[in-house]
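Please look over the chain below before reading on.

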Amino acid sequence: MLAFSSITARFYFLQIRQSKFFHNLANNQYTFTLTSRPERGIIFDRNGKELALNKKEKSAFITPSNMNNKQEMEFFLNEKYPNISDKLELSKNGNKPIHFCWLERCCSKEAESELLALNNLDIHFLKEPQRYYPLESTASILGSVNVDNIGISGIELLCENRLQSKQQT
């Protein structure tokens, strides 16, 4: 009877009193929030011709803390992405674990095909908006954006508040 009472008390303590702790622990291990930038506003000339547009590009990422086949992925990263492999190795040696890591932002068609051909469930893809300029001659005036679609020069930087939409999670 005493053993039954102690087991019942332990179950109560774990499932009722510490339920929030274990719920948060599980969420921190298996969920993450990915914030993506929406498309930027289109820039037109005075005649209504489009000078700066958006197009969707695929980006590849992994979730190191939730991989199915870690050995296969480590071999692949050592071969194709040594800088990412080194970064993940550092996280194993006492630093904070990495839950999300970009493999490639705005993959080329060749890189995308190569990653898809691996048929690896640990490699995920996300479509991100990227800037496209149909007229190269306007580049010096329009400026450019970085990989996160934030204006870094020219009209893109000058009108950042008007061209950038709010982030989405």
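Glu156 forms a salt bridge with Arg40, with the closest N and O atoms 2.9 Å apart, where a salt bridge is a side-chain nitrogen of Lys or Arg within 4 Å of a carboxyl oxygen of Asp or Glu. This pair links distant parts of the chain, since Glu156 lies in helix H7 (residues 154-158) and Arg40 in the loop between helix H2 (19-30) and strand E1 (43-44), 116 residues apart. The model is predicted, so local features need pLDDT of at least 70 and side-chain atom pairs count only at pLDDT 80 or more, while totals for chains, interfaces and linings use all residues. Residues are numbered from 1 along each chain as its sequence is written, and side-chain values use heavy atoms, with hydrogens and water left out.

**Salt bridges**

- Both Glu156 and Arg40 are buried, a word that stands for under 20% relative accessible area, with exposed meaning over 50% and partly exposed in between (1.4 Å probe, protein chains only).
- Glu112 forms a salt bridge with Lys58, the closest N and O atoms being 3.2 Å apart, and this pair joins helix H5 to strand E2 across 54 residues.
- In that pair, Glu112 counts as buried because its relative accessibility is 11%, whereas Lys58, at 26%, is partly exposed.
- Lys80 forms a salt bridge with Glu114, again with the closest N and O atoms 3.2 Å apart, and the two residues, 34 apart, belong to helix H3 and helix H5 respectively.
- Lys80 counts as partly exposed at 41% relative accessibility, and Glu114 is partly exposed as well, at 38%.
- Salt bridges that share partners join Arg40, Arg131, Glu156 and Glu160 into one network, and a search of the whole structure finds eight salt bridges.

- Helices (H or I, at least four residues) and strands (E, at least two) are DSSP runs, numbered from the N terminus, and H5 is the helix in which Glu112 has its place.
- Ala111, Glu112 and Leu115 are buried in H5, and they lie on the same side of the helix because they cover an arc of only 100 degrees around the axis, taken from the directions from the helix axis to the C-beta atoms.
- The face of H5 turned away from its buried side carries the exposed residues Lys109, Glu110 and Ala117.
- The buried residues of H5 pack against E2, H3, E3 and strand E4 (123-132), and Glu112, leaving aside its neighbours within four places in sequence, is in contact (heavy atoms within 4.5 Å) with Lys58, Cys107 and Phe125.
- H5 is followed by Asn119, whose phi is positive, near 55 degrees.

**Nonpolar cores**

- A nonpolar core is a set of buried Ala, Val, Leu, Ile, Met, Phe, Trp, Tyr and Cys residues joined through side-chain atoms within 4.5 Å; the largest one has 16 residues, and those with the most contacts inside it are Ile62, Phe76, Leu77, Leu103, Leu115 and Ile123.
- Two or more residues of this core come from each of strand E2 (50-62), helix H3 (70-80), helix H4 (82-92), strand E3 (101-104) and helix H5 (109-117), and the largest share, three residues, comes from H3.
- Phe76, apart from its neighbours within four places in sequence, is in contact with Tyr81, Leu103, Leu115, Leu118 and Ile123.
- A second, separate core of six residues includes Ile43, Leu51, Ala52 and Cys159.
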